[in-house]
Amino acid sequence: MNQNSSLTSSGMMMGNGSGGFGFDQFSSNFSIKTKQIESINKMLSLKSESSSSSNKVTSGWQEVWKVLIFDTHCSNIIAPILTKGALRNQGVTLYLPLHSDRQPIQDVPAIYFVLPTSDNIKRIAEDCKNKLYDNIYLNFASKLSNQLMEELATLTIQSDSVSMISKVYDQFLNFISLENDLFVLNNPRDSYLSFNDTTIKDVQAQENIDQVVDSLFSVLVTLGVVPIIRAPKNSAAEMIALALEKRISTTLQSSGGSNVFSNMNEMGSQLSSFYRPVLILLDRNVDLSVCLHHPWTYQALVHDVLNMSLNQVRIDVTQNGQTSKKTYGLDSSSDSFWASNTGAAFSSVAGEIKSQINEYYQQMEKLQQITDIKIDDSEDFDNNNNKKSNENKTKGLGNLVQEMDEKKRLIDIHTNLATDLTKNIRDRQIDCFFAMEESIITRSLTDKKELHSLITSPIVGETGGRGTLEDKIRLLIIYFLSTKNIPQSEMDQYEEALTKMGADLSTLDFFKKTKAFNESLTAIANVNQSSTQSSNTASGKIGGFMQMMTSVTGYQGVESFTNFFQQGVRALLPKSKDLFVTRIVESIMDLKNTLDADYLYLDPKIQNKSNVPKRTTPFKEAIVFTVGGGNYVEYQNLQDFSKKHNKKIIYGSNELLTSKEFLNQIKNLNKN
């Protein structure tokens, strides 16, 4: 935590909570989640403040025990990245919501982590007045305005409690990290609707832009980078890019502004110029079909089918004939199976589960050997040889038991997830919809009868049912967006069939009335069309998969899971392709100059905006942000590209949308 602070008129100490990160380490540690955890851990550590107060110091591994107070907004920031155990390791013994009834706790400092709002300021002042804690360290997720600072000062001075506040920090942590290379904003949902509603008032439109700018500024400060900014002209992304560049430039020009982004010496500054990433802001309309495509990779399916949110998913689990709801947290840093298989085709995940089960049984056998200690009554217990033999057998037993328990926990989680996914795939025939959409998008559609059947057949639950109404509408819209010159009679036939089933076709009407898709095609017309081989491939046929799974015995969850898979789920492989967003990113990072006429080039470090020198070497690192919602399919496609081309890409958006959420926003947009 940066301890350089200045004294305000209220007598409170104001500081910047985000420490700087040297660019000599930047290229090898381009991780938004890691950096955010580092910043939060610094925020939670009070060692430097406590070192001068011997009565605050406790013995042991933590100098200070403390209380953490947060609002709902900041609770969402902490939840995906810090467990209860991680908080305890930082000496946090109690964590409580700001707007709750809290009792006084004496001789304990309190760390507040909240958004700077008037309601929060009033509640903090009330806590100071009531002297709930020994002293208070205020940490705001984004910059505290002068107006709110003065309001806090006035309220605490009136109650003679200003001394309760030890320090005030702007932490610049106003975003949510989901993976090392994935983040979302912590703002209200309906982002596509917010940025495409033509009836929205100017004040609300500006507020939407300001929220994105504030969060992106936090991302850049946390990473410790000042990037080159690229954005398409005449779009919401352009307005955000210009506002963000202005804020960064203003900060850099202010006294000590450069320290907001880094604590580098001259050599570090020179390295930063070489390692600067590019921030690519894109409008969601650049590719709408990807928001509707049925996914086939593990993480994307868990999100789209099981509604994963903030790395947590809640599903029905049946054990001993009883069904109950269970919530699972999916964290790549602690779940090795999840980390290894998030981008894998679902048909290959089962094989990985089988491998984990085999390892589990091997550990069971090893444990049995270790614990199989027999003692003959006729032997002398004091025999040193027997003692040593038994000690060797029991050595490491505790560690092995812990490893087994953790492995079984992960097996249970992913078996239950795979079972639920397979049931949905089987019932809705998601594999058939995925295969058809792949053929449409890759211009390889040959089976029009299958397309007709998927759209016009009854819905799931009825005789001959195939998919839900939502599945059918998604397929039809993708077909409409991706195919030129569809005969009107063919569209009429599909629409008539869906209307008879009770479908609401207002989402299709929206795409018919707008030119968003045609504009997105124009925007990427000059992008290099080179395709790459997707890394999300699975080997083997369904028969081999079933044979492999059914060879595992004694694990009821897997037997149930294989029974589901025996219903005919396809072992499909995603086609080799780069999505539109990936092609744009490739063109910008490799300086192919195919988009220069249509994309802004901004450098916040250059004050003369009329003469901004262009970069001459390709970018190795990029932050890609889609304005109006993102999805896991796009995220995984970018990661496949980055791994193949030895680049590092962080993907972010206002929110990660399931197809259902996206269609609902389109429906509401069509009403306006």
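This is a predicted model: local features need pLDDT of at least 70, side-chain atom pairs count only at pLDDT 80 or more; totals for chains, interfaces and linings use all residues.
Me: In what order do the strands of the open sheet come?
Reply: The order is E8-E9-E16-E15-E11-E10-E14, seven strands with mixed pairing. Two strands pair if DSSP finds at least two bridges between them. Helices (H or I, at least four residues) and strands (E, at least two) are DSSP runs, numbered from the N terminus.

Me: Which are the edge strands?
Reply: Strand E8 (176–179) and strand E14 (599–602). Each of them pairs on one side only.

Me: What does the twist average from one strand to the next?
Reply: The average is 20°. Angles run from 0 to 180 degrees between N-to-C directions, and axes are lines fitted to C-alpha atoms, for helices over the stretch in contact.

Me: What does helix H25 touch?
Reply: H25 (residues 580–589) also packs on the sheet, touching E10, E11, E14, E15 and strand E16 (648–653). The direction of H25 makes about 145° with that of E11.

Me: New topic. How do helices H12 and H26 pack?
Reply: At an angle of about 170°, with their axes 9 Å apart. H12 spans residues 298–306 and H26 spans residues 632–644. That makes H12 roughly antiparallel to H26. Angles under 35 degrees count as roughly parallel, over 145 as roughly antiparallel, 65 to 115 as roughly perpendicular and the rest as oblique.

Me: Which residues make the contact?
Reply: Gln299, Ala300 and His303 come from H12. H26 gives Tyr632, Val633, Tyr635 and Gln636.

Me: How do they divide by type?
Reply: Four are nonpolar, three are polar and none is charged. Ala, Val, Leu, Ile, Met, Phe, Trp, Tyr, Cys and Pro count as nonpolar, Asp, Glu, Lys and Arg as charged, and the others, Gly among them, as polar.

Me: What about H19 and H21, at what angle do they cross?
Reply: Roughly 10°, and their axes come within 10 Å. H19 is residues 469–482 and H21 is residues 506–513. The two helices are therefore roughly parallel to each other.

Me: Which residues meet there?
Reply: In H19, Ile473, Leu476, Ile477, Phe480 and Leu481. They meet Thr507, Leu508, Phe511 and Lys512 in H21. The contact of H19 with H21 has seven nonpolar residues, one polar and one charged.

Me: Now strand E3. Is it made of buried or exposed residues?
Reply: Buried: five of the five residues of E3 (residues 66–70), so the strand is largely enclosed by the rest of the structure. Buried means under 20% relative accessible area, exposed over 50%, partly exposed in between (1.4 Å probe, protein chains only).

Me: Which residues sit on each side?
Reply: Lys66, Leu68 and Phe70 are on one side. Val67 and Ile69 are on the other.

Me: How many bridges join E3 to E5?
Reply: Four, and E3 runs parallel to E5 (residues 110–114). Val67 stands opposite Ala110 in E5. E3 also pairs with strand E4 (residues 92–97) in the parallel sense, over five bridges. There, Lys66 stands opposite Val92.

Me: Zooming out, how many helices and strands has the chain?
Reply: The chain has 27 helices and 16 strands. Of its 672 residues, 53% count as buried.

Me: Last one. What is the phi of Asp160?
Reply: Near 55°, a positive value in a residue other than glycine. Most residues other than glycine have a negative phi. Asp160 lies in the loop between helix H6 (146–158) and strand E7 (165–170). Asp160 is exposed, with a relative accessible area of 64%. Asn320 is not a glycine either, and has a positive phi of about 55°. Asn320 is in the loop between strand E12 (312–319) and strand E13 (322–329).

How values were computed: Residues are numbered from 1 along each chain as its sequence is written. Side-chain values use heavy atoms; hydrogens and water are left out. Contact means heavy atoms within 4.5 Å.
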